[in-house]
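Please keep the sequence and the model in view while reading.

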Amino acid sequence: SKCTGNSSRKHSNPNDSRISTLFLLKMGVKTVSTCLCTYLNMAMNNTGSTIKLFETAEEWVGFGFGSRLLQAVEEYFYRTFNEIGTKSEFPRVKFSVCYVTSVDACECFKKRGFKEWDGMGEELGKYITYDEDHAQGGALP
């Protein structure tokens, strides 16, 4: 399996929700799981990495591929924000998922540390924070 990311910056406004990154988890040439992220959560009116779409092909559900992709996406954003100065300038970076429409999906995100931000289970989020252990090669917080 392989995780790839592709960014689309067609617009110059950094607060434009159309700026996005598409992550794909593939088995050979087949796409098993996808994750589309933007950098503005319009529903909660906040900036930060935001999962707008996350899905796993039906025949691959239950094998852990969605969890693996979510972990890879989280690590990507952790490294990205750490490299641009998270430690000194921004102690916390918001990472959210919007429009969660399934109880199972909500529970899956909660297992990865996301909390309800809207009280209805549709908007979930957490903070990506810098820690010395991760900088030394340890696991994500």
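Of the 141 residues in the protein, 34% are buried. The model is a predicted one. Its secondary structure consists of four helices and seven strands, and along the sequence these elements follow the pattern β-β-β-β-α-α-β-α-β-β-α.

In soluble globular proteins, nonpolar side chains tend to be buried together. Here the largest nonpolar core has 22 residues, among which Ile51, Val73, Phe77 and Phe109 touch the most other members. At least two residues of this core come from each of strand E2 (20-27), E3, H1, strand E5 (92-97), H3 and strand E7 (124-129). The greatest contribution is that of H1, which supplies seven residues.

The structure contains 11 aromatic pairs. One of these is formed by tyrosine 39 and phenylalanine 77, whose rings are arranged edge-to-face, at 5.9 Å centre to centre and with 80° between the planes. This pair links distant parts of the chain, since tyrosine 39 belongs to strand E3 (residues 30-41) and phenylalanine 77 to helix H1, 38 residues apart. The two partners can also be described by their accessibility. Tyrosine 39 has a relative accessible area of 22% and is therefore partly exposed, because the limit for a buried residue is under 20%. Phenylalanine 77, at 1% relative accessibility, counts as buried. Phenylalanine 77 also pairs with tyrosine 76: the ring centres are 5.2 Å apart and the planes meet at 70°, so this pair too is edge-to-face. Tyrosine 76 is partly exposed, its relative accessible area being 37%.

Attention now turns to empty space. Rolling a probe the size of a water molecule over the atoms shows where empty space is left. The largest pocket of this model has a volume of about 590 Å³. Its lining comprises 24 residues, of which Phe54, Glu55, Thr56, Ala105 and Cys108 are the closest to the centre. Strand E4 (46-56), helix H1 (65-83) and helix H3 (103-111) are the elements that give two or more residues to this lining. E4 has the largest share, with six residues. Sorted by class, the lining of the largest pocket includes 14 nonpolar, seven polar and three charged residues.

Which residues does the side chain of serine 33 contact? Serine 33 lies in strand E3 and is buried, with a relative accessible area of 1%. A polar atom of its side chain is 3.0 Å from the backbone oxygen of glutamate 55. The side chain of serine 33 also makes a polar contact of 2.9 Å with the side chain of threonine 56. Both partners, Glu55 and Thr56, are among the residues closest to the centre of the largest pocket.

Serine 102 caps the N-terminal end of H3, with a side-chain oxygen 3.2 Å from the backbone nitrogen of aspartate 104. Just after H3, glycine 113 adopts a positive phi of about 100°.

Backbone geometry also draws attention to a residue in a loop. Most residues other than glycine have a negative phi, and most peptide bonds are trans. Tyrosine 99, by contrast, has a positive phi, near 60°. Tyrosine 99 is located in the loop between E5 and H3, and at 49% relative accessibility this residue counts as partly exposed, because exposed means over 50%.

At 52% relative accessibility, methionine 42 counts as exposed, and its position is in the loop between E3 and E4. The C-alpha atom of methionine 42 is separated by 8.8 Å from that of cysteine 98, although the two residues are 56 residues apart along the chain.

Notes:
Residues numbered from 1 in each chain as written. Heavy atoms only, no water. 1 Å grid on protein atoms, 1.4 Å probe; cavity = no way out; pocket = protein on both sides within 12 Å on 5 of 7 lines; lining within 4 Å. Points joined across faces, edges and corners; volume = space filled by probe spheres on them. Nonpolar A, V, L, I, M, F, W, Y, C, P; charged D, E, K, R; others polar. Phe/Tyr/Trp six-rings, centres within 6.5 Å; stacked < 30°, edge-to-face > 60°. Buried < 20%, exposed > 50% of the residue type's maximum accessible area, 1.4 Å probe, protein only. Polar contact = N/O pair within 3.5 Å; in protein donor to acceptor, adjacent residues only side chain to side chain. Core = buried A, V, L, I, M, F, W, Y, C linked by side-chain atoms within 4.5 Å.
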